[in-house]
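Please look over the chain shown here before reading on. The paragraphs that follow go from the overall fold to single residues.

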Amino acid sequence: MNIREIAGHCFINAPFDFLRNHLEEALEMGIQPEIGLEGNTLYDISTREFSRVARRLHDNGIACTLHAPYYELSVGAIDRHIREVSRKKISLAFELLEIFKPESIVCHLGFEENKHGYKEEEWFHYNLEAWQQLVKQAERNNTPVMLENTYETSPEQHKKILAAIDSPYARFCLDTGHLMAFARDKWQNWLPEMEPWLGQLHLHDNHGLRDDHLPMGKGKFDFKGFFAWLRKNEASPLITLEPHRKSDLEESLLALDHYYIQPDKTI
């Protein structure tokens, strides 16, 4: 299987500025982007430019997903001003659903035990309020919202939020690198708990010390066992590869072929 064929089985993380500057190359390779909307992108880029890129993807039969901003944001903040600014910025990302018609929009739940554990009930109340509104907005565009794990050390908060939202458009995105680097936990403690909501995977590797975004197999994550569990349980989530260096793209795609697409192939 060649690189273009492998790319058709997944999405590749691509900040919007990077994507629009390398759009023709991405189209030629058949890359389906997970479009990152971090930083000032949502403030500085015009609707016309977003529409231009979306049209080029659609005209070439290329699907995409979106990744909402999350740096320094807290939609469940106890401070109402921080809460309002955070929700407004993330809402700008949801306004792009109609333009890009993505397969999903990925968002970070953002629970940190060392900060939010002291006022967990308030944190949960404001987060539930925010995600209920955002999921309703996504429903109107037939787009599932994938709540991704970051600094959470257990699946408890994701389960609690998703059960309370109780919508087929509210799903879970398991990030393998974050699980290793931040939760320092085994996937066996997450997948069975989150399987009812599992909708997407973010795949990258590390050695359990920091979020290195290495290609699969270059760190310590048990991808062989992980994918065996998915096959056994007939789970078929969306897949996003997250190489943070252009030089790692081909290696990440070949790793996906080895671990997931053709696991029985001799390499």
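What percentage of the 267 residues of the protein chain count as buried? The value is 52%, where buried means under 20% relative accessible area, exposed means over 50%, and partly exposed lies in between (1.4 Å probe, protein chains only). This is a predicted model, in which local features need pLDDT of at least 70 and side-chain atom pairs count only at pLDDT 80 or more, while totals for chains, interfaces and linings use all residues. Residues are numbered from 1 along each chain as its sequence is written, and side-chain values use heavy atoms, with hydrogens and water left out.

The secondary structure of the chain consists of 14 helices and eight strands; helices (H or I, at least four residues) and strands (E, at least two) are DSSP runs, numbered from the N terminus. The radius of gyration is 18 Å, close to the 18 Å that the globule rule gives for 267 residues, so the chain is as compact as a globular protein of that length. That radius is taken over C-alpha atoms, and the rule is 2.2 Å times the number of residues to the power 0.38. Along the principal axes, the C-alpha atoms fill a box of roughly 55 × 45 × 30 Å. Contact means heavy atoms within 4.5 Å. Among contacts between residues at least 6 apart in sequence, 76% join residues at least 24 apart.

The strands give a way into the interior. Strand β1 (residues 11–15) has four of its five residues buried, so the rest of the structure largely encloses it. Two strands are said to pair if DSSP finds at least two bridges between them. β1 pairs with strand β8 (residues 238–241) in the parallel sense over two bridges, and Phe 11 stands opposite Thr 240 in β8. β1 is also joined to strand β2 (residues 33–36) by four bridges, and these two run parallel. Here Asn 13 has Glu 34 as its bridge partner, and Ala 14 stands opposite Ile 35.

β2 in turn pairs with strand β3 (residues 65–67), in the parallel sense over three bridges.

Is His 202 buried or exposed? With a relative accessible area of 0%, His 202 is buried. Its side chain makes a polar contact of 2.7 Å with the side chain of Glu 34 and another, of 3.4 Å, with the side chain of Glu 148. A polar contact is a pair of N or O atoms within 3.5 Å; within protein, one must be able to donate a hydrogen and the other to accept it, and residues adjacent in sequence count only if both atoms are side-chain atoms. Leaving aside neighbours within four places in sequence, the residues in contact with His 202 include His 67, Cys 173, Asp 175, Thr 240 and Glu 242.

Nonpolar residues come next. In soluble globular proteins, nonpolar side chains tend to be buried together. A nonpolar core is a set of buried Ala, Val, Leu, Ile, Met, Phe, Trp, Tyr and Cys residues joined through side-chain atoms within 4.5 Å. The largest one has 77 residues, of which Phe 100, Leu 203 and Phe 226 touch the most other members. Helix α9 gives the most to this core, with eight residues. Beyond its neighbours within four places in sequence, Phe 100 is in contact with residues including Phe 16, Ile 35, Phe 50, Leu 57 and Leu 66.

Helix α10 (residues 156–165) has Gln 157, His 158, Ile 161, Leu 162 and Ile 165 as its buried residues. Seen down the helix axis, they fall within an arc of 120°, so they line one face of α10; the arc is that of the directions from the axis to the C-beta atoms. Their cover includes α9 (120–139), β5 (145–148), β6 (170–175) and α12 (191–194). Just after α10, Asp 166 takes a positive phi of about 55°.

Two loop residues also have positive phi. Lys 101, in the loop between α7 (97–100) and β4 (105–108), has a phi near 50° and counts as exposed at 56% relative accessibility. Asn 142, in the loop between α9 and β5, has a phi of about 55° although it is not a glycine, and at 54% relative accessibility Asn 142 counts as exposed.
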